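Me: I should like to learn how to read a structure feature by feature. Could you take me through this one?

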Amino acid sequence: MTPFPTGSGGPLRSAFCADPDMRELIDLFVEAMPDRVRSLRESLEHARLDDLRRLAHQLRGAAGSYGFAPVGDAAGRVEDQLRNIAASDASAVEQVKAAVDELVNLCRRVSP
Amino acid sequence: MNAASPGGTGTPRRPDEPRQVVLIVDDSPDVHRLLRIKLRNLDLDLLHAYRGDEALELIARTEPDAILLDLDMPGIDGLGVLRRLKENDRTQHIPVIIISGMKRAEDKVAAFEIGASDFVTKPFDLTELRVRLQAALRLRQLLSLLAHRAQLDGLTGLWNRAFFEERWTQEHARAVRHVHPLSLAILDLDHFKSINDTRGHPVGDGVLEGLARILRRESRQTDCPCRYGGEEFALIMPDTHVQDALLVCERIRSGVEATVFNGCEGMRVTVSIGVVGASAQCDLPPAEWVRAADANLYAAKNAGRNRVVATELQAAGPHAPRLAA
């Protein structure tokens, strides 16, 4: 797998990285990030807003519990925006793009 | 979970259910993975569902002891699942802890109004979630204990009439399905009214308790002794041929005859017993078994009381000749 570029800003570490119970979990969570980033970008590119909302919703629930609160917050902003946009709205993708970029950027910074 | 046995002598007893089961319902695999690790030190079996419909199906099949439920899921959402659980008698007392990213007060109010027992917002503090789950499981244990108590007869500690009806239907169905032998006895104290009238009701109650003790002592672990009502008792004997049931009941009858009950000195206290059993396929419905056992009980009464009358039930045909009383 090609190394994925870290986003702007330094690596983002879990608030629970000192917890031995969490080590293995955090590693798994971080390993899954490149796939998630790809899914987020593809959903946005193809305007699959339902997929995008589900991905954001899952990240919102999970990221904070893994100690990555900023990722959870950013995912929450994407989800909230999508909730308020009608699927038929032609400019939906434009409206949500900035929030998704912010989320993707944070996801790329997530480090074990 | 272990429901307490009513008597110290081992019967009646329920099959042991060793570990409590907790179902986790969330659409995010990350949440499942996290909880699996964080709850592994609790002595629990975990079940996992990722969708509302999947959760309902699992709950109906396994009746978990507690449920951790996400609200926002594709398909049937968390509140929908909760509503269905609360509508169903079998699932309405399972404690449900909502785990949700929704922080608005109205979401919490809606969940509690439907019947959630607790609400934890994501991202959750896992230590907090763990103690809340333990509190919910304790509550579940107490509720089960209460439900268990509601199935017991207050005076004798035997299973009560309601439990008898339930268990009898189950044992009957099991015996029919597997073509196992099955026997049923109905017992009635002889001249109980005159004990109450001449010696007083506390003495009468003591006789009922004494009979319950003899029933427990003389029946086997797998038998199910119940107080049917008043001075009538019932004994379900699964996997028992009528000849063996007759032996058990004869022990009970002679045990009662040989006992001097408190306050009954100088008085003969005896019991009459009607027994029915089937060893091969018997398609008589459960209520007919009870009626047939009752008929044998009255035959025992008419033949002079203090005796056992037993009949082997045949498939659909007329009753066979009675066995030795």
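The dialogue below goes from the chains to a sheet, then to a helix, and ends with the interface.

Me: What kind of model is this, and how many helices and strands does chain B have?

Reply: The model is predicted. Chain B has 10 helices and 10 strands, and 38% of its 325 residues are buried. Of the contacts in chain B with a separation of 6 or more, 66% join residues 24 or more positions apart.

Me: How is chain A built, and in what order do its elements run?

Reply: Chain A contains five helices and two strands. Of the 112 residues in chain A, 37% are buried. Contacts between residues 24 or more positions apart make up 65% of those in chain A with a separation of 6 or more.

Me: How should I read a sheet, and in which order do the five strands of the open sheet in chain B lie?

Reply: One begins with the strand order and the direction of pairing. In chain B the order is β2-β1-β3-β4-β5, and the pairing is parallel. The edges are β2(B), residues 44–49, and β5(B), residues 118–121, each of which pairs on one side only. On average, neighbouring strands of the sheet are turned by 20° against each other, direction ignored.

Me: Which helix packs on this sheet, and which strands does that helix touch?

Reply: Helix α5(B), residues 126–149, packs there, touching β1(B), β3(B), β4(B) and β5(B). The direction of α5(B) makes about 165° with that of β5(B).

Me: How is β4(B) joined to β3(B) and to β5(B)?

Reply: The bridges and their partners answer this. Four bridges join β3(B) to β4(B), and four join β4(B), residues 96–100, to β5(B).

Me: Are the faces of β4(B) covered or open?

Reply: Both faces are covered. V96(B), I98(B) and S100(B) are buried on one side, and I97(B) and I99(B) on the other. Five of the five residues of β4(B) are thus counted as buried.

Me: How do I judge a helix, and what span should α10(B) have?

Reply: One can compare the expected span with the distance between the helix ends. Helix α10(B) has 17 residues, 286–302, and at 1.5 Å a residue should span 24 Å. Its end C-alpha atoms lie 25 Å apart, which agrees.

Me: Where do the buried residues of α10(B) lie around its axis?

Reply: The buried residues are W289(B), V290(B), A293(B), N296(B), L297(B) and A300(B). Viewed down the axis of α10(B), they fall within an arc of 120°, so they line one face of the helix. These buried residues pack against α6(B), β6(B), β9(B) and β10(B). The face turned away from the buried side carries the exposed residues A287(B) and N302(B). Just after α10(B), G304(B) has a positive phi of about 120°.

Me: How is an interface described, and how many residues of chain B are in contact with chain A?

Reply: The size of an interface is often given as the accessible area lost when the parts come together. Here the description is by contacts: 14 residues of chain B are in contact with 16 residues of chain A. The chain B side consists of six nonpolar, two polar and six charged residues.

Note on methods:
Residues are numbered from 1 along each chain as its sequence is written. Chains are lettered from A and ligands numbered from 1 in the order in which they are written. This is a predicted model: local features need pLDDT of at least 70, side-chain atom pairs count only at pLDDT 80 or more; totals for chains, interfaces and linings use all residues. Two residues are in contact if their C-beta atoms, placed from the backbone, lie within 7 Å. Ala, Val, Leu, Ile, Met, Phe, Trp, Tyr, Cys and Pro count as nonpolar, Asp, Glu, Lys and Arg as charged, and the others, Gly among them, as polar. Two strands pair if DSSP finds at least two bridges between them. Axes are lines fitted to C-alpha atoms, for helices over the stretch in contact, and angles run from 0 to 180 degrees between N-to-C directions. A residue is buried if 20 or more other C-beta atoms lie within 10 Å of its own, exposed if 12 or fewer, and partly exposed in between; C-beta atoms are placed from the backbone. The expected span of a helix is 1.5 Å times one less than its number of residues. The arc is that of the directions from the helix axis to the C-beta atoms.
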